[in-house]
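Keep the 3D view open and follow along.

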Amino acid sequence: WFKFHTSLQEQNLNYTFHIFDDNESLQFIDEHFKNTTLPDVIRSVPRPVMKADLFRLAAVSVLGGFYMDMDMLAKGSFDPIVYSGCGAVFPKEWWRDDDAFFDRHFKLPLDSEDHWQVGNYAFAAVPKHPLLIDSLEEAIKRSTELIHSKGEKVDDVTDLDVLRTTGPYMLSEVYHDGRKEGKYKDVLHISGDKSRPLKKGQEHRFSWHKFGPYAEHMLSHTWVQAEEEMKSDTEL
């Protein structure tokens, strides 16, 4: 992970970087969310990636700034985002047809923008941004329901459960539902650039898995279950 972190630092020399380990993330949650159910929920969700999903929303909602997965490779300074005037910036992921959309969201899209997934591997926001607050609240709600329905056994929680409960499928639903209600007007859903992807095997997907022109997600997929690793990236 060293080369990825180094790329972020070298492209953003005037930024302060924070890396939280498991204990530090729990201490942060205990300090800033002590009067909520989040401390219990984040300890109870059965898969580590769900804890990471919850923490990233919580941390940026408190601190503001940028979140980056450990496998993000920076390609430029983030200054244009800082000075863009946006309240939050999230990557625009792949477009899904009606059938693929239904398989992931258990409903059909209501407008053309619904087809676009919102990524959570990299994002930026001001503190207390409504999209982060709403997404964290929804993730806590869905996590609580999942714990009650499936318990704390890791093997019983599928990758689809993760994506729908705390991951990008959940985030996409919160964003698009709110967007259609007139919320989140200061959110930039940013497309990737058209440069040739640096990730091997992704050369034909020019705009996907990118945080605009500023960084590229190198798709380590360390969180997926063994059987899912046999699938194409386009199936997740």
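Strand β3 and strand β6 (residues 187–190) run parallel and are joined by four bridges. Within this pairing, A88 has V187 of β6 as its bridge partner. Helices (H or I, at least four residues) and strands (E, at least two) are DSSP runs, numbered from the N terminus, and two strands count as paired if DSSP finds at least two bridges between them. The model is a predicted one, where local features need pLDDT of at least 70 and side-chain atom pairs count only at pLDDT 80 or more, while totals for chains, interfaces and linings use all residues. Residues are numbered from 1 along each chain as its sequence is written, and side-chain values use heavy atoms, leaving out hydrogens and water.

Strand β3 has other partners too. With β5 it pairs in the antiparallel sense over two bridges, and there V89 stands opposite A124. Strand β4 (residues 116–118) is also antiparallel to β3, again over two bridges; here W95 faces W116 of β4. How many of the eight residues of strand β3 (residues 88–95) are buried? Seven are, so the strand is largely enclosed by the rest of the structure. Buried means under 20% relative accessible area, with exposed over 50% and partly exposed in between (1.4 Å probe, protein chains only).

Now turn to another sheet. Strands β2, β8 and β7 form an open antiparallel sheet in the order β2-β8-β7. At its edges stand β2 (72–74) and β7 (210–211), each with a single partner strand, so one side of each is left without a neighbour in the sheet. Two bridges link β7 to strand β8 (residues 215–217) in the antiparallel sense, and K210 has E216 in β8 as its bridge partner.

Stepping back to the whole chain, the secondary structure comes to nine helices and eight strands. Of the 236 residues, 51% are buried. Counting contacts (heavy atoms within 4.5 Å) between residues at least 6 apart in sequence, 72% join residues at least 24 apart.

Finally, how far does the predictor trust its model? Its confidence in each residue is the pLDDT, from 0 to 100; the chain averages 88, and 86% of the residues score at least 70. Over residues 229–234 the pLDDT is below 50, and this stretch has 12 contacts in the model beyond near neighbours in sequence.

Technical notes
pLDDT = per-residue confidence, 0-100.
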